[in-house]
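Please consult the sequence and the structure shown here while reading.

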Amino acid sequence: MASTYFFWEKNLFPFALCSCAFFDILSLLPSLCLFRHKWYTKAIEADGNQAAFYSNRCAAYMGLNQFDKALGDADNCIRVKPKWVKGYYRRALALMSLSRYEDAAECFQKALEIDPSNADIKTKLGQAKDKARFSVKKVGPDGKPLSDAQICKEEGNVLFRNGKYEEAIKKYGRAVALAKTEDEKAIYYSNRALAYAQVRNHEQVVSDCTKAIEIKPTAKTLIRRGLAYEMLEKYKRGLADMKQALELDPNARVASEAISRLTKAV
């Protein structure tokens, strides 16, 4: 095998270096992944501004099951050539292998925006979305592990997406208990309020939104509480929330529409 590598290095590689198709064939042979990695590393050291080099070393890392390193090369590929669909495709595949399905779906979506007619990307986007629906995210966009509170929130999100609102309420409550900052608590209270809205517990929606607003008022949470007040026929309070929400976000269409309704109801 060593003599074979030596022959390829001396005779074939200089002519095949820039051929993606050539190395796509080699990727079918796991024993050659290290060979590919070696030469693309040399190529990158010689010229770090070639997206194809990063793309193909990414494929080599995938063949070696080194998915974090594959993700790093995909990121570099996108950095060098931001409008190249293959960089996003490589990145999405690496994210799928890392079980980061929601992030993968976002990346496949970006790839599809560049190449809207690509059937393979459309298929893989659907697969990523299906997996994301039932998977719990455990790392953030920066690749760092989420805290226990954040994981509870993600578990709540999965339960919410699947219509298990009572269970989601419990997870968000656990996230509140584990939260290390007041800003975190505000997010989790707002999430739980939305889950309460789905089971028509409007009093609890008001309670959780109020706790969130006391920490950090946002247009979204004010709208959420305002809608709950409307359902409880507390129209003046609902109107006040919607007006405040519109001050924070002048483009909040839900608030504008609610103001029209509530003004008539007051």
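Which residues does Ala 255 touch, not counting residues up to four places away in sequence? Ala 255 touches Ile 223, Met 242, Ala 245 and Leu 246, where contact means heavy atoms within 4.5 Å. The model is predicted: local features need pLDDT of at least 70 and side-chain atom pairs count only at pLDDT 80 or more, whereas totals for chains, interfaces and linings use all residues. Residues are numbered from 1 along each chain as its sequence is written, and side-chain values use heavy atoms, with hydrogens and water left out.

**Overall fold**

- The secondary structure consists of 15 helices and zero strands; helices (H or I, at least four residues) and strands (E, at least two) are DSSP runs, numbered from the N terminus.
- Of the 266 residues in the protein, 42% are buried; buried means under 20% relative accessible area, exposed over 50%, and partly exposed in between (1.4 Å probe, protein chains only).
- Among contacts between residues at least 6 apart in sequence, 46% join residues at least 24 apart.

**Nonpolar cores**

- In soluble globular proteins, nonpolar side chains tend to be buried together.
- A nonpolar core is a set of buried Ala, Val, Leu, Ile, Met, Phe, Trp, Tyr and Cys residues joined through side-chain atoms within 4.5 Å.
- The largest nonpolar core has 25 residues, of which Val 205, Ile 223, Met 242, Ala 245 and Ala 255 touch the most other members.
- At least two residues of this core come from each of helices H9 (148–161), H10 (165–178), H11 (182–198), H12 (202–215), H13 (219–231), H14 (235–248) and H15 (253–265).
- H13 gives the most to this core, with five residues.
- A second, separate core comprises 24 residues, including Tyr 61, Tyr 88, Met 96 and Ile 121.

**Packing of H5 with H6**

- Two packed helices are described by the angle between their axes and the distance between the axes.
- Helix H5 (residues 67–80) packs with helix H6 (residues 85–97) at an angle of about 160 degrees, and their axes are 8 Å apart; axes are lines fitted to C-alpha atoms, for helices over the stretch in contact, and angles run from 0 to 180 degrees between N-to-C directions.
- H5 and H6 are therefore roughly antiparallel to each other; angles under 35 degrees count as roughly parallel, over 145 as roughly antiparallel, 65 to 115 as roughly perpendicular and the rest as oblique.
- The crossing of H5 and H6 is left-handed, a term used if the near helix is turned anticlockwise from the far one by less than a right angle, with right-handed used if clockwise.
- Phe 67, Ala 70, Leu 71, Ala 74, Asp 75, Cys 77 and Ile 78 of H5 meet Gly 87, Tyr 88, Arg 90, Arg 91, Ala 94, Leu 95 and Ser 97 of H6.
- By class, the contact of H5 with H6 has nine nonpolar, two polar and three charged residues; Ala, Val, Leu, Ile, Met, Phe, Trp, Tyr, Cys and Pro count as nonpolar, Asp, Glu, Lys and Arg as charged, and the others, Gly among them, as polar.

**Packing of H13 with H15**

- The axes of H13 and H15 come within 11 Å and cross at roughly 25 degrees, and the two helices are therefore roughly parallel to each other.
- The crossing of H13 with H15 is left-handed.
- Ile 223, Leu 227 and Glu 230 in H13 meet Val 254, Ala 255, Arg 261 and Leu 262 in H15.
- The contact of H13 with H15 divides into five nonpolar, no polar and two charged residues.

**Single residues**

- Ala 168 is found in helix H10 and is buried, with a relative accessible area of 0%.
- Leaving aside neighbours within four places in sequence, Ala 168 is in contact with Gly 156, Leu 159 and Phe 160.
- Ser 135 is placed in the loop between helix H8 (119–134) and H9, and counts as buried at 16% relative accessibility.
- Asn 65 lies in the loop between helix H4 (51–63) and H5; its phi is near 60 degrees, a positive value in a residue other than glycine, and Asn 65 counts as exposed at 55% relative accessibility.
- Glu 233, in the loop between H13 and H14, has a positive phi of about 65 degrees although it is not a glycine; Glu 233 is exposed, with a relative accessible area of 59%.
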